[in-house]
Amino acid sequence: MGVPGEGPDDPSSFEELCELFWSLQSKLPPPFVKAVQDVRGTVLSLIFYKVVSDTYRGQLRKWTEEIGDEDLARDSDLYRFTVPQGHGWEELRAQEENVDRFLNESLRAIEDANRQRLAGISRVDYVREEALTDRLLNRLVEHLSQYDLSLERIRPNVLGRAFVDFAQVLTDKKRGNQPPETSETIARLMVRLVAPFEAGDRIYDPACGIGRLLMEVARHHREEQQEDPTRLFLAGQEIGPDQAALARMAFAISGFHGRVERGDSLHAPKFAEGKALSQFDCVLADLPPPGQKPLPDVQDDPYGRFDWADDLPEQNGDTWAFLMHITSQLGEEGEAAVAVPRPALQEAEPGLRKELVTRNLLRAVIGLDSAVFEDVPTGKVLLLLREDDVEAAGGEILFYQTPDADYVQVERGRVGLRGKSAERIAEDVKRQAVEGDAGRVVPHDEIRRHDYALTPEAYHRD
């Protein structure tokens with residue numbers, strides 16, 4: 001392979017990076033995957049370390065040649081990331097023993113040196129993972145050492161997408177210990193429902209996981225709209241500390257304008273200005289299964305978000321709290337695409353469903369095959385919400401159900417939408433025109449007669 005950065009095989013495209021990251025799986029024997037508590041964090045933190053080190057090393061070389069003095073060239077203001085002396089990738093390669101301890105110390109040192117950008121990223125404890133022997137770690141390190149992963153050479157958003165894609169692979173590899181993430185094809189559909197974006201738009205995900213939806217926003221803006229995604233403000237909040245750390249890594253690699261905050265969006269929203277919630281042009285969210293979060297206090301919420309009911313039901317109440325939170329952060333003419341567990345709509349009290357309809361927030365309900373959502377056996381539906389006036393709403397809602405056999409596929413062991421399905425569904429929904437039995441536009445009066453039922457099958461053509 002030659003010296004990293006000088007060989008013809010250094011990856012640069014999304015496909016090449018995915019192939020490189022996938023090749024790491026051959027270095028992970030099944031007993032290792034079974035024994036290690038945090039496979040995803042262990043491997044991705046190592047990749048992140050390589051990216052940061054390669055980027056800094058290349059920039060240091062450039063500045064040293066330009067300034068003529070290496071000490072002056074180490075000024076931290078010159079760099080995207082800095083790597084403290086003694087903690088670079090070459091020093092890691094030189095470790096013959098206690099590699100786990102060196103990794104812990106180096107990742108903490110890098111975080112401390114880049115606190116504003118990388119706070120909270122060093123979650124993995126390599127020493128605690130007994131299955132991580134020096135031999136296995138050195139094998140992974142040497143495999144990555146063949147390649148140059150500098151952000152000076154690879155487009156940051158491409159590397160960030162590959163990083164998140166591999167996080168999904170590792171999630172699938174050890175499902176029992178990791179929460180599921182939004183699949184790439186569902187993310188693509190959700191983003192298309194609210195696209196296009198404009199420079200300066202503010203986009204938010206209150207349950208962002210490792211950042212899949214926000215990463216897809218950036219991909220769409222660059223590849224579909226031919227625009228610069230760094231001109232968008234991307235914001236995410238995530239309650240899971242390990243997921244939040246990986247999302248911050250992905251953001252840092254991608255060079256996004258925005259930030260990921262760790263915390264519970266329902267109980268302690270981080271995107272607020274004084275006593276008012278920040279407003280966004282677009283909100284995207286793949287909501288977790290109901291019943292996983294304690295319910296917020298409806299009466300004493302300082303932001304007045306939970307005003308659709310006097311109290312929240314124990315069953316599915318957290319899903320409806322999220323919907324109220326999301327609509328509270330939608331700015332004027334803002335749009336949201338939200339994946340909601342189907343039972344939360346079917347079993348909710350009619351009063352909550354009524355509020356969603358009569359407040360003229362709901363524009364479309366899109367039913368998808370249950371197989372494409374791994375965390376909820378009964379599947380999810382996508383809600384398209386829009387914050388605008390009653391006259392613009394038109395007093396009607398599109399209910400759409402995809403033809404399962406035509407739209408679902410299994411690829412690389414993952415279930416998703418087939419081919420151009422995301423594009424076709426988004427186009428149908430935006431045109432509010434559906435052919436055949438796929439769906440229909442239903443006036444509010446008819447929805448009221450159905451006790452505000454909000455699933456597509458309630459309005460299927462006879």
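## A buried pair

The side chains of Arg 305 and Asp 301 are joined by a salt bridge, with an N to O distance of 2.7 Å, where a salt bridge is a side-chain nitrogen of Lys or Arg within 4 Å of a carboxyl oxygen of Asp or Glu. Arg 305 and Asp 301 are both buried, a term that stands for under 20% relative accessible area, with exposed being over 50% and partly exposed in between (1.4 Å probe, protein chains only).

## Basis of the model

The model is predicted, so local features need pLDDT of at least 70 and side-chain atom pairs count only at pLDDT 80 or more, whereas totals for chains, interfaces and linings use all residues. Residues are numbered from 1 along each chain as its sequence is written, and side-chain values use heavy atoms, with hydrogens and water left out.

In total, the structure holds 29 salt bridges. One of them is formed by the side chains of Arg 161 and Glu 223, at 3.2 Å from N to O. This pair links distant parts of the chain, 62 residues apart, with Arg 161 in helix α9 (residues 156–173) and Glu 223 in helix α11 (residues 212–224); helices are DSSP runs (H or I, at least four residues), numbered from the N terminus. Arg 161 is buried at a relative accessible area of 10%, while Glu 223 is partly exposed at 31%.

Arg 448 forms a salt bridge with Asp 445, their closest N and O atoms lying 3.9 Å apart. Both residues belong to helix α19 (residues 444–449), where Arg 448 and Asp 445 are 3 residues apart, about one turn of the helix.

Terms used. Helices (H or I, at least four residues) and strands (E, at least two) are DSSP runs, numbered from the N terminus.
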